[in-house]
Amino acid sequence: MPEIASRHHVEQITKVIEQALSEAEVSLDEIDAIAVTEGPGLVGALLIGVSAAKTLAFANHKPLIPVHHIAGHIYANRFETEFQFPLLALVVSGGHTELVYMKEHNSFEIIGETRDDAAGEAYDKVARTLGLPYPGGVQIDKLAYEGEDTFHFPRAMMEDNSYDFSFSGLKSAFINQLHNMRQKNLEPSPKDMAASFQASVVDVLTTKTIRAAKEYGVKQLLLAGGVAANRGLRERLIEEAALELPGVELIIPPLSLCGDNAAMIAAAGAVAFEQKHFGNLSLNAEPSLEFDEV
Ligand code: KG4
Ligand code: ZN
């Protein structure tokens with residue numbers, strides 16, 4: 001509900017900024033710069049952030065720093081440890097599924113991405129067919145732990161040479177299974193359905209990520225985005241990286257930094273600040289900002 005989201009942003013933004021400053025026990029005078037999400041996202045919500053940031057920057061004579069949402073997700077990992085290049089980031093969120101190669105700060109090369117649904121989007125869609133509330137990823141993750149991979153859904157594009165992903169076939173296989181069984185008056189176990197779905201997603205994500213990390217000879221492997229909170233994915237990556245990627249440091253953000261948050265935008269902003277990548281007061285919200293435009 002974009003309209004409701006925008007209205008909510010207007011109501012909350014001043015309070016949130018005041019609360020953040022007070023919890024951090026800093027005043028605006030002590031802040032070096034104002035970083036803000038430029039895009040991608042819902043235009044209404046982005047505009048409110050951009051307007052608030054421009055106002056704060058102008059009124060307090062601070063530099064303004066535009067940040068790409070996905071750069072924010074990746075840089076959330078910098079709260080864990082300093083980056084060492086080259087690195088590879090697996091970004092999995094509600095809108096993105098990307099393997100991003102970084103040879104230095106603020107340089108993002110997308111070596112693979114989803115050709116249809118994002119991983120989080122697929123989670124949310126199948127959760128809805130089981131009648132689970134949004135965001136469905138968390139619910140499926142929980143159910144998956146109590147079930148087993150009995151349905152053996154397809155692992156799309158797992159064996160091909162690209163680093164691209166596809167989740168729409170898996171989503172259809174899940175929905176077809178549900179409909180076919182219901183037509184026969186059978187109700188599949190939601191736990192086994194969830195476990196089977198998650199096994200397919202985790203298998204494909206992990207296999208391609210490990211292969212890319214090997215081929216690109218990276219020093220670090222980062223997990224990022226809302227789906228990085230997924231217990232199955234975290235555990236499997238830890239397991240496989242230990243076996244397959246000796247000498248590569250795996251960084252996984254704490255749960256509080258996986259889903260959308262403002263700290264990650266500040267983390268990316270801090271690097272842009274050092275590089276003096278400033279915006280100006282003509283900055284606008286970019287709902288479909290591409291990652292390689294950064
Ligand atoms: O990064 P994020 O907070 O927002 C976007 O930028 O999209 O990601 C939200 C997505 C939702 O699709 C949500 O279902 C998914 O992350 N998600 C999860 C889990 N927690 C959140 N997916 C799978 N397992 C989880 N534990
Ligand atoms: Zn996000």
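Is the crossing of α1 and α2 right-handed or left-handed? Figure 1 has the answer, and like every view here it shows a predicted model.

**Figure 1. Helix α1 packs against helix α2.** Let's start with the question above: the crossing of these two helices, α1 and α2, is right-handed. Helix α1 takes in residues 2-24 and helix α2 takes in residues 43-60. Their axes come within 9 Å and cross at roughly 30°. Angles under 35 degrees count as roughly parallel, so α1 is described as roughly parallel to α2. Who does the touching? On the α1 side you'll find S6, H9, V10, I13 and I17. Across from them, α2 brings G44, A45, I48, G49, A52 and L56. Sort the residues of this α1 and α2 contact by class and you get 7 nonpolar, 4 polar and no charged.

**Figure 2. Two spots to look at around α1, β1 and α2: E25 and P40.** Look in the loop between α1 and β1 and you'll find E25. Phi of E25 is near 55°, which is a positive value in a residue that isn't glycine. Now move on to the loop between β1 (34-39) and α2, where P40 lies. G39 and P40 are joined by a cis peptide bond, with omega at about -10°.

**Figure 3. The zinc ion (ligand 2) is held by H69, H73 and D260.** Both histidines use their NE2 atoms, while D260 uses OD, and the distances run from 2.0 to 2.1 Å. Along the sequence, the donor residues of this zinc ion follow the spacing H-x3-H-x186-D. Now, where do H69 and D260 sit? H69 is in helix α3 (residues 69-75), and D260 is in the loop between β7 (249-251) and α9 (262-274), so the pair ties together parts that are 191 residues apart in sequence. The UniProt record (an unreviewed entry) lists H69, H73 and D260 under "binding site". Those residues span 192 residues in sequence, yet no two of their C-alpha atoms are more than 8.7 Å apart, so they gather at one spot.

**Figure 4. Helix α6 packs against helix α7.** Here we have α6 (residues 168-183) and α7 (residues 190-216), packed at an angle of about 165°. Their axes are 11 Å apart. Angles over 145 degrees count as roughly antiparallel, so that is the word for α6 and α7: roughly antiparallel to each other. The crossing of α6 and α7 is right-handed. From α6 come L170, F174, Q177 and L178, and they meet M193, F197, S200 and V201 of α7. By class, this contact of α6 with α7 has 6 nonpolar residues, 2 polar ones and no charged ones.

**Figure 5. Helix α4 packs against helix α6.** Which angle do α4 and α6 make when they pack? The angle is about 10°, and the axes of α4 and α6 are 10 Å apart. The two helices, α4 and α6, are therefore roughly parallel to each other. In α4, look for K125, V126 and T129, which meet K171, F174, I175, L178 and R182 in α6. The residues in this contact of α4 with α6 divide into 4 nonpolar, 1 polar and 3 charged.

**Figure 6. A cis peptide bond joins Y134 and P135.** For this bond between Y134 and P135, omega is about -5°. Where is P135? You'll find P135 in the loop between α4 (119-129) and α5 (136-144).

Figure 7. Over residues 1-266, the chain is 49% helix and 14% strand. The end C-alpha atoms of that stretch are 27 Å apart.

Definitions and conventions
Residues numbered from 1 in each chain as written. Chains lettered and ligands numbered in written order. Predicted model: local features only at pLDDT ≥ 70, side-chain atom pairs only at ≥ 80, totals over all residues. Heavy atoms only, no water. Helix = DSSP H or I, 4+ residues; strand = E, 2+ residues; numbered from the N terminus. Axes fitted to C-alpha atoms, helices over the stretch in contact; angles between N-to-C directions. Parallel < 35°, antiparallel > 145°, perpendicular 65-115°, else oblique. Left-handed = near helix turned anticlockwise from the far one by under 90°. Contact = heavy atoms within 4.5 Å. Nonpolar A, V, L, I, M, F, W, Y, C, P; charged D, E, K, R; others polar. Donors = N, O, S within 2.8 Å, 3.2 Å for Na, K, Ca; no water. UniProt positions renumbered as here; feature names shortened; annotations may be inferred.
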